[in-house]
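Dear colleague,

A summary of the findings follows it.

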Amino acid sequence: MDSLPPTKRRRQSEDDENEVSTLEKFSPVVIFAHGAGAPSSSDWMLRWKTMLKEALHAADVVTFDYPYMSGGKKRAPPKAEKLVEFHSNIVKETATKYPGRPLILAGKSMGSRVGCMVASLKDINVHAVVCLGYPLKGMNGAVRDETLLQLTVPTMFVQGSKDGLCPLEKLEATRQKMKALNELHVINGGDHSFKIGKKHLQEKGSTQHEAEDVAVQAIAAFISRSLEG
């Protein structure tokens, strides 16, 4: 049951309509990079590709596979820095294909980290970055914040509250130091891939789909505001 008073309901509805009209007007193009362990054809990537396209009223959501994923063999990824050139070439090709469209870099885990590196390049012009499960902690446990501190474009983080690769208190400390405008949406109970345990969902009376839908609407609101600015 909707507990909002009528005036607040109207205001919320008007805000939602304004976000939709802004996104429809700009119709951005999203370049969406996969994580370290699964290609762009994974169920997770396909689901989020669809959600991002619909929520952002995107002209296109471009996905791709990093070279180490080719051949169908599961291999360990190289260092993120070694993927920057390939990723940046995809961005440049997309910019040529969609001249005048705002470009949004989105990424899952490792893909978001590489995307942030690409967004900081001098010859790349993107309007915002969306990080889905940013891997702030390295394998040795050290906080890898250098890439985020170099960013100057608006950056949206979506993180699971139980993501061991990105403790929220460490992300908050990093966000405070960032030059770029940034926001965080937390999926309560979510792991690194936002998966929420059944017990947590039952306690909250929610579903996985509802939690992810709230997250993608938060992304849409952030992108809308970024494009207006």
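At 51% relative accessibility, Asp123 counts as exposed (buried means under 20% relative accessible area, exposed over 50%, partly exposed in between, with a 1.4 Å probe and protein chains only). This is a predicted model, in which local features need pLDDT of at least 70 and side-chain atom pairs count only at pLDDT 80 or more, while totals for chains, interfaces and linings use all residues. Residues are numbered from 1 along each chain as its sequence is written, and side-chain values use heavy atoms, with hydrogens and water left out.

Asp123 forms a salt bridge with Lys92, the closest N and O atoms being 2.8 Å apart (a salt bridge is a side-chain nitrogen of Lys or Arg within 4 Å of a carboxyl oxygen of Asp or Glu). Lys92 is partly exposed, at 34%. The structure holds five salt bridges. Another of them joins Arg225 and Glu183, at 2.8 Å from N to O. Arg225 is partly exposed at 41%, and Glu183 is partly exposed at 28%.

The structure holds zero disulfides (a disulfide is a pair of cysteine sulfur atoms within 2.5 Å). The sulfur of Cys116 lies 3.6 Å from the closest cysteine sulfur, in Cys131, which is too far for a bond. For Cys166, the closest cysteine sulfur is also in Cys131, at 9.3 Å, again too far. Cys116 is buried, with 0% relative accessibility, and Cys166 is buried with 1%.

Yours sincerely
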